[in-house]
Amino acid sequence: MKLSNISKIKHPNSDNFFLLCGPCAIESEDMALRIAEKVISITDKLEIPYVFKGSFKKANRSRIDSFTGIGDEKALKILRKVSETFDIPTITDIHEASDAAMAAEYVDVLQIPAFLVRQTDLVVAAAETGKVVNLKKGQFMSPEAMKHAVQKVKDSGSDKAWITDRGTMFGYQDMIVDFRGIPTMKQYAPVVLDVTHSLQQPNQSVGVTGGRPDMIETIARAGVVNNVDGLFIETHFDPANAKSDGANMLHLDNLEGLLTNLTAIRKTINSL
């Protein structure tokens with residue numbers, strides 16, 4: 001799966017990692033455009049291939065009163081607006097097979113949430129759209145098991161698959177990243193490291209997921225050193241008041257310094 005095959009991707013031949021980055025959920029048009037504009041200014045400067053990320057809805061919430069979205073069509077139209085305004089590709093996650101064709105009309109990459117990656121109908125529906133399918137490794141799955149998810153995409157007539165590691169459950173309320181899984185999964189497809197979700201502390205007693213954003217650079221650096229193809233980072237200009245996953249998102253003001261450091265590390269690794 002070549003980055004150059006994705007419409008509107010910039011800097012595909014920069015020999016840098018690619019970046020999936022944006023807010024957890026689409027909250028409004030203004031917030032989406034504001035975040036996208038800032039990230040683009042950084043990724044263009046550093047020659048990082050960039051895909052804007054935003055969930056058009058959040059179906060896997062801990063509590064019934066948690067924010068799930070502003071309306072499917074409204075959020076998807078905002079994703080299209082981001083793509084058209086800045087001439088960049090976009091990614092969103094889907095939760096039901098019926099979401100696939102609908103979302104594919106608006107975005108370039110369809111993401112399968114980690115909890116749903118074993119749902120065959122969902123994976124097949126995504127693959128059949130012809131879009132790139134980003135398969136998030138289940139928190140409960142081994143790296144080796146992800147070859148079967150990739151094979152489902154291939155058996156559906158597509159070779160456009162990525163695997164994203166978002167950590168593995170450690171006890172009841174923590175996640176760990178086993179970096180041994182990166183070379184294993186690279187045998188099956190390009191591998192992305194989801195830095196921010198890997199730092200979640202799920203299933204908190206209040207029903208709101210916690211996180212360790214102070215460790216974002218630590219995990220991201222280790223991913224780059226271990227040759228991940230891409231990084232997934234959720235960011236917001238006001239994480240404390242974000243409607244979803246604010247506890248583990250990176251403040252937008254800290255993104256440029258982080259990516260500058262990571263790009264320097266990538267160049268060093270490439271020279272070895």
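A charge sits over a ring if NZ of Lys or CZ of Arg is within 6 Å of the ring centre and within 35 degrees of the ring normal. The exercises below use a predicted model.

**Exercise 1.** Which ring does arginine 34 lie over, and which ring has the charged end of lysine 136 over it?

Solution. Step 1: take arginine 34, which lies over the face of phenylalanine 237 at 3.7 Å from the ring centre. Step 2: take lysine 136, whose charged end is placed over the ring of phenylalanine 232, 4.3 Å from the centre of that ring.

**Exercise 2.** Describe how helix 1 and helix 2 pack.

Solution. Step 1: decide what to report. Two packed helices are described by the angle between their axes and the distance between the axes. Step 2: read both values. The axes of helix 1 (residues 29-46) and helix 2 (residues 72-86) come within 10 Å and cross at roughly 35°. Helix 1 supplies Glu29, Ala32, Leu33, Ala36, Glu37 and Ile40, while helix 2 supplies Ile78, Lys81, Val82, Thr85 and Phe86. Step 5: sort this contact by class, which gives seven nonpolar, one polar and three charged residues.

**Exercise 3.** How many aromatic pairs does a search of the whole structure find? Classify what is found as stacked, tilted or edge-to-face.

Solution. Step 1: the search finds one aromatic pair. Step 2: the ring centres of phenylalanine 18 and tryptophan 162 are 4.7 Å apart, and their planes are at 35°. Step 3: planes under 30 degrees apart would count as stacked and over 60 as edge-to-face, so this pair, at 35°, is tilted. Step 4: locate the partners. Phenylalanine 18 is in strand 1 (residues 18-22) and tryptophan 162 in strand 6 (residues 161-165), 144 residues apart, so the pair links distant parts of the chain. Step 5: both phenylalanine 18 and tryptophan 162 are buried.

**Exercise 4.** Is glycine 223 buried or exposed, and which residues is it in contact with beyond its neighbours within four places in sequence?

Solution. Step 2: its relative accessibility is 0%, so glycine 223 counts as buried. Step 3: with neighbours within four places left aside, the contacts of glycine 223 are Phe179, Leu193 and Val228.

**Exercise 5.** Which residues of helix 4 are buried, and what covers them?

Solution. Step 1: in helix 4 (residues 120-128), the buried residues are Leu122, Val123, Ala125, Ala126 and Ala127. Step 2: their cover includes helix 3 (97-104), strand 4 (109-112), strand 5 (132-136) and helix 5 (146-155).

Technical notes. Residues numbered from 1 in each chain as written. Predicted model: local features only at pLDDT ≥ 70, side-chain atom pairs only at ≥ 80, totals over all residues. Heavy atoms only, no water. Axes fitted to C-alpha atoms, helices over the stretch in contact; angles between N-to-C directions. Helix = DSSP H or I, 4+ residues; strand = E, 2+ residues; numbered from the N terminus. Contact = heavy atoms within 4.5 Å. Nonpolar A, V, L, I, M, F, W, Y, C, P; charged D, E, K, R; others polar. Phe/Tyr/Trp six-rings, centres within 6.5 Å; stacked < 30°, edge-to-face > 60°. Buried < 20%, exposed > 50% of the residue type's maximum accessible area, 1.4 Å probe, protein only.
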